[in-house]
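Please read the following briefing on how parts of a protein chain pack and pair.

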Amino acid sequence: MRKGSVRALALLVAIGGVPLTMSSAYADPAPTNVTVNANAGRATVADTALGVNDAIWDSQLGTTAVSDLLGAAGAGMLRYPGGSYADIYHWKTHTAPGGYVAPGTDFDTFMASAQRIGAQPMIIANYGTGTAEEAADWVRYANVTKGYHANYWTIGNENYGNGHYGTAWEADDHADKSPAAYAQGVVDFARAMKAVDPNIKVGAVLTTPANWPDGLVGAGDAGTWNQVVLSTAGPYIDFVDLHWYPGGGSEADALSKPGQIDDMMYMARDQIARYAGPNAARIGISLTETNVGVGQNTQPGALFLAQTYSGMLENGVFTVDWWDVHNGIGTVSTVGGQTDYGDLGMLSSGGCDANNVCEPPMNTPFAPYHALKLMHSFARPGDQLVRAGTDNALVAAHAARRPNGDLTVLLVNMDPAAAHPVKISYSGYTPSAAAPTVESYLNGATGITSAQSGTAATQNLPPYSLTVLTLHPSSPAANLPQAPARPSLASVTDRTATLTWPATQPGVKYEVYRQYGARSEQLGETTSTTFTAANLTPGTRYTVNVLARDGAGRVSWSSPPLTFLTGTPATSTCKVRITDGNDWGNGFVGTIDITNTGTAAINNWTLTFTWPTNWQSVSSGWNGTWTQTGTTVRVTPADFNTNLAPGAATSIGFVGAYSGPNLLPSAFTLNGNVCSAG
């Protein structure tokens, strides 16, 4: 993103889920039930997890004041030289033709700041107007000449915005602006850069699922941007780089967007697995730009940051980087009773608008800064995030387990009008009876408060607030069995899945669980390192983890989770294939081909399927009668395709709409029989 610009918010398709309905103030709301499941492990927090963007047009880059603020907030990654500026920036001359470069923002100054903070750099090599040789020289200077150990390098920034899909904001001097050309460029850059330092990690720019131009196939392309880039560059990269500006028409709508993260990241990993070639699981994911659509520097920004960072880190993203440290005043409004300056920066730029409305003094922290600082209390490097959930759409929960036995719980009250009491239950963890440490950031506050208050089981969440509880265990957890490694999928069918994992230690029993929301459902146990789960549902996504229990009954930490999708029957009396033939970012034309693979005629058929999410729907359909109830779609035949003889087929079509990740259904039933995939 460019300085002072909200162009990405206008260009990227907003991916709204079901908007939150804010309650009015009332005296005694019913308690929200919060469930924390310490046995349902998710990802482990990396030392690069909490990140921010730096920019060469920011005169405060590298100042002691900013470095101290970012260090206090636990920033573990700094991105440089700044969004779209990266594709016009030449590091040797410290120039950006067509853009402004502030004094004192050169690479060495940036690195001095990163070293003071203790953060790692994420450096964007200039793909748009630079060369592979220029990038390789940068690696040589950084890691050979200066010994900076700069490990993370992305090739370009938002390069899909070079005009290939009809909209251009990203500089690109290449005659060929296709994803195929960019993919080959990534290969060339990676080869040149790793020839200098083979230890660096190189990333390629992808589109975020359900964000423009995801789903679009440009003229002459063999597939979407992600498909083409991964197919060519997959073997040469170490991570992919995503940006996410989900927008939102209101505060409530904007705060509903993080609810789509699990599906969005599932789609991203599925694309990597499908297209990136052998050993694609080694490819990491970074989210190097994100910001909220409403209330960027007031409480919605803080609540969105906490939710987005937590959700992304739970899904194994190794860094989430807020846009931006400074950005500049925008449209001034009142949000949640507070003055919002429309500033995408985390710290005030101290500027004024045309009406002489001025921001607070330079470097005054805005609400998202305080949220980042609170995230540093919640999730630290080495912590394992675990499942948590609530029964109230206005209250969200996240949790993390610490190596020292402590547990932290992040509670988010998205209701601007009412406090919400919560009752918290724990699985796999017994907190001490002492009052927990409670850190809170409230609407309009200038800092975080900390106190010993409430209990581990009951808390009261003020309106529009962030709260972190730090709990100690009731007794020290000593000599726990070693946690198993992430299980791998040996085989999967429509009804079974065989899992395997390395042995941990002799004499333990392994318990296999399905993570089901914040609950765990035991699938079985074994003393071996292989387990076959049976009685599964076709076309269903499962997330499983493994625990080790020793003879004394002590239970290990959870393994990292494995997510997989069950298939469809190898043989059936019907076969169904669904294709997304024309996608425009929030809708598509779908085709479903139905074949009678049985020996008897199928008369008066009914096809049924279920959308994977609640933001997908059928707008219209043909060659049949289409109805949708909830997420379930039912199709009955037209007059001309009522009967299907053995071997006969028919094709039906529809226009689908979506406002979030567009996961196509995986299982179809015809007259109650589950069909094979076509």
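**Helix packing and strand pairing**

Helix 8 and helix 9 pass each other in a right-handed crossing, a term used when the near helix is turned clockwise from the far one by less than a right angle (left-handed if anticlockwise). The model is predicted: local features need pLDDT of at least 70 and side-chain atom pairs count only at pLDDT 80 or more, whereas totals for chains, interfaces and linings use all residues. Residues are numbered from 1 along each chain as its sequence is written, and side-chain values use heavy atoms, with hydrogens and water left out.

**The helix pair**

- The axes of helix 8 (residues 261-275) and helix 9 (residues 299-314) come within 9 Å and cross at roughly 40°; axes are lines fitted to C-alpha atoms, for helices over the stretch in contact, with angles from 0 to 180 degrees between N-to-C directions.
- Ile261, Met264 and Met265 of helix 8 meet Gln307, Thr308, Gly311 and Met312 of helix 9 in the contact (heavy atoms within 4.5 Å).

**The sheet**

- Three strands form an open, antiparallel sheet in the order 20-21-24; two strands pair if DSSP finds at least two bridges between them.
- Helices (H or I, at least four residues) and strands (E, at least two) are DSSP runs, numbered from the N terminus.
- Strand 20 (488-492) and strand 24 (530-533) each have a single partner strand, so one side of each lacks a neighbour in the sheet.
- Strand 20 is joined to strand 21 (residues 497-500) by four bridges.
- Ser488 has Thr500 in strand 21 as its bridge partner.
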